[in-house]
Amino acid sequence: MNQRSLKKTLSSLPVGEIRYFESIGSTNDEALAWAAAGARDLSFVIADEQTAGRGRLNRKWFTPKQTALAFSLILRPASNSLLSRTVGLAALSIADSLLKYGLAPSIKWPNDVLLSGKKVAGILIETVWSGTEVDSLVAGMGINVHKESVPPAQYLQFPATSIEDEMGHPPDREELLRDILTAFIARRLQMERANFIKSWEELLAYRGEQVQVNASDTETRSGKLLGLESDGSLRLLGQHGETMIVHFGDVSLRPTS
Ligand code: BT5
């Protein structure tokens, strides 16, 4: 992967500017600074290695050299009301691309893509503020492509896998990137429609199953996973037949059955 080959592979797509790095701390950090400096819509930062890749709540995200995809897309204009739908947009774009390879992805709400029940990709959406207004969003995506991208089990709270592990061979990383961006651009045009939520809902992991949701600011909630609300919030059915809505945020979801 390099700046020239990326430009060539993506030449048919209406992306903004591209910043490629052999190695970087975090593509999200670079993209946040670039967005604040006025980068145009769909510009992105991509790296062959991250030395300080981040998950939510400053958890670590592993991107060993040339084994994965790690990139951060700048989206503008943006609004906070689209925040949870943007996570869905990123997850659906990754899932669309995996479906093309004949794989069967599911989306662990809110921000993980699974293959065979294991995490193959994670998403981190961050906001650039201009005073009290949202200036732009940065959508960071990390996808495990080669088997060497999967971190050792002791670093994980949830099992992980790679596309190579699931498919028997790794796809070309630049072609995978092109597929994901193509899906992203197409899906983005539909993200305010009801159908968008429906497509997202159809790919949800653990639908109809008992799950537990932990949020940093509230107590643990358990219930049957029913589906999504129109804003992308999660709907659960509680023990006593009550409906519970979990809003998008730093929450983690686990199957309990
Ligand atoms: C995420 O957070 O899953 C969001 C990951 C976003 C990474 C992208 S890469 C491009 C951009 N630049 C960045 O710096 N970040 C974004 P969260 O749900 O909080 O999950 C983090 C947890 O996933 C960690 O605590 C580990 O347990 C686990 N983990 C770390 N690296 C992993 C990997 N490569 N594959 C699977 N699981 C991993």
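This section describes the domains, the ligand surroundings, the backbone geometry and the salt bridges of a predicted model.

The protein chain is assigned two domains, with domain 1 covering residues 3-202 and domain 2 covering residues 210-255. The centres of domain 1 and domain 2, taken over C-alpha atoms, are 24 Å apart. Contact between the two involves 14 residues of domain 1 and 17 residues of domain 2.

The size of an interface is often expressed as the accessible area that is lost when the parts come together. For domain 1 and domain 2, the area buried between them is about 1,400 Å², and 65% of it lies on carbon and sulfur atoms. Six residue pairs, with both residues at pLDDT 80 or more, are in polar contact between domain 1 and domain 2. The number of salt bridges between domain 1 and domain 2, by contrast, is zero.

On the side of domain 1 that touches domain 2, helix 3 (83-100) and helix 6 (194-202) each contribute at least two residues. Helix 3 gives the largest share of this side, with four residues. By residue class, the side of domain 1 that touches domain 2 consists of eight nonpolar, two polar and four charged residues.

Individual atom pairs can be described for other residues. An N or O atom in the side chain of Gln50 is 2.9 Å from a nitrogen atom of the ligand. For Asn28, a backbone N or O atom is placed 3.5 Å from a nitrogen atom of the ligand. A backbone N or O atom is also involved at Arg56, where the distance to an oxygen atom of the ligand is 2.9 Å.

Some backbone features call for separate description. Most peptide bonds are trans, and most residues other than glycine have a negative phi. The peptide bond that joins Arg76 and Pro77 is cis, with omega about 0 degrees. Pro77 is located in the loop between strand 3 (68-75) and helix 3. A cis peptide bond also runs from Trp109 to Pro110, again with omega near 0 degrees. Pro110 belongs to the loop between strand 4 (106-108) and strand 5 (112-115). Leu42, a residue other than glycine, has a positive phi, near 65 degrees. The loop that holds Leu42 runs between helix 2 (27-36) and strand 2 (44-47).

Side chains of opposite charge can pair when their charged atoms come close. The structure holds 15 salt bridges. One of the salt bridges is formed by the side chains of Asp41 and Arg188, with an N to O distance of 2.9 Å. Asp41 lies in the loop between helix 2 and strand 2, whereas Arg188 is in helix 5 (residues 173-188), so this pair ties together parts that are 147 residues apart in sequence.

Methods: Residues numbered from 1 in each chain as written. Predicted model: local features only at pLDDT ≥ 70, side-chain atom pairs only at ≥ 80, totals over all residues. Heavy atoms only, no water. Domains from an automatic or database assignment. Contact = heavy atoms within 4.5 Å. Buried area = accessible area lost by both parts, 1.4 Å probe. Salt bridge = Lys/Arg side-chain N within 4 Å of Asp/Glu carboxyl O. Polar contact = N/O pair within 3.5 Å; in protein donor to acceptor, adjacent residues only side chain to side chain. Nonpolar A, V, L, I, M, F, W, Y, C, P; charged D, E, K, R; others polar.
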